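Visitor: Hi! Could you walk me through this one while I look at it?
Guide: Happy to, ask away.

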Amino acid sequence: MDLLASLLQITFIFLLFRTILTVIGGISLSKRLKESRRNSGTESVYDISDNEQATDAAPRHSAITIEMVRDDICGRYVARNKAYIIHSDDEDHYFCSWECRQKYLGQE
Ligand SMILES: [Zn+2]
């Protein structure tokens, strides 16, 4: 009976050990997958927001400094995060409104 008990114990420990190894292996594998995903595919920085309206929201108190950019068409200054952006000729062009953006595209 003692032999059977110790055999069972050894089997149990072996199985436990194997489970731990599988878990550790799984974690390192998923880490590797995440890293390869991070390295592949650089996302485009420039976003021509076709759907979003560049509306003037109420001014908020925030620590973030808002960069102002000049509209090439009408000369108005708009907050960069609200401007319509067109990236062409290795330059960014900003527009206060959809209309100005369309005018610019018509000029080209
Ligand atoms: Zn404009």
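Visitor: Let's start with a residue: is Asp89 buried or exposed?
Guide: Asp89 counts as exposed, because it has 8 C-beta neighbours inside 10 Å. The rule is that a residue is buried if 20 or more other C-beta atoms lie within 10 Å of its own, exposed if 12 or fewer, and partly exposed in between, with C-beta atoms placed from the backbone. Before we go on, this is a predicted model: local features need pLDDT of at least 70, side-chain atom pairs count only at pLDDT 80 or more, and totals for chains, interfaces and linings use all residues. Residues are numbered from 1 along each chain as its sequence is written.

Visitor: Thanks. Where does Asp89 lie?
Guide: Asp89 is in the loop between E3 and E4. Those labels come from DSSP runs, numbered from the N terminus: helices are H or I with at least four residues, strands are E with at least two.

Visitor: What is the phi of Asp89 like?
Guide: Its phi is positive, about 50°, although Asp89 is not a glycine. Asp90 is also not a glycine, and has a positive phi of about 60°.

Visitor: And is Asp90 buried or exposed?
Guide: Asp90 counts as exposed, because 5 C-beta neighbours lie inside 10 Å. Its place is in the loop between E3 and E4.

Visitor: How do E3 and E4 pair?
Guide: Strand E3 (residues 84-88) and strand E4 (residues 91-95) pair in the antiparallel sense, over five bridges. For two strands to count as paired, DSSP must find at least two bridges between them. They form a hairpin with two residues between them.

Visitor: Which residue in E4 stands opposite Ile86?
Guide: That is His93. Ile85, in turn, stands opposite Tyr94 in E4.

Visitor: What about Tyr84, buried or exposed?
Guide: Tyr84, found in strand E3, counts as buried because it has 24 C-beta neighbours inside 10 Å. Its C-alpha atom is separated by 6.5 Å from that of Cys96, twelve residues apart along the chain.

Visitor: Zooming out, in what order do the elements run?
Guide: From the N terminus on, they go α-β-β-β-β-α. That comes to two helices and four strands. Of the 108 residues, 11% count as buried.

Visitor: Last topic: what pLDDT does the chain average?
Guide: The average is 78, and 70% of the residues score at least 70. pLDDT is the predictor's confidence in each residue, from 0 to 100. Among the elements, helix H1 (residues 2-39) has the lowest mean pLDDT, 79, while strand E2 (residues 77-79) has the highest, 96. Where pLDDT is low, the predicted coordinates should not be read in detail.
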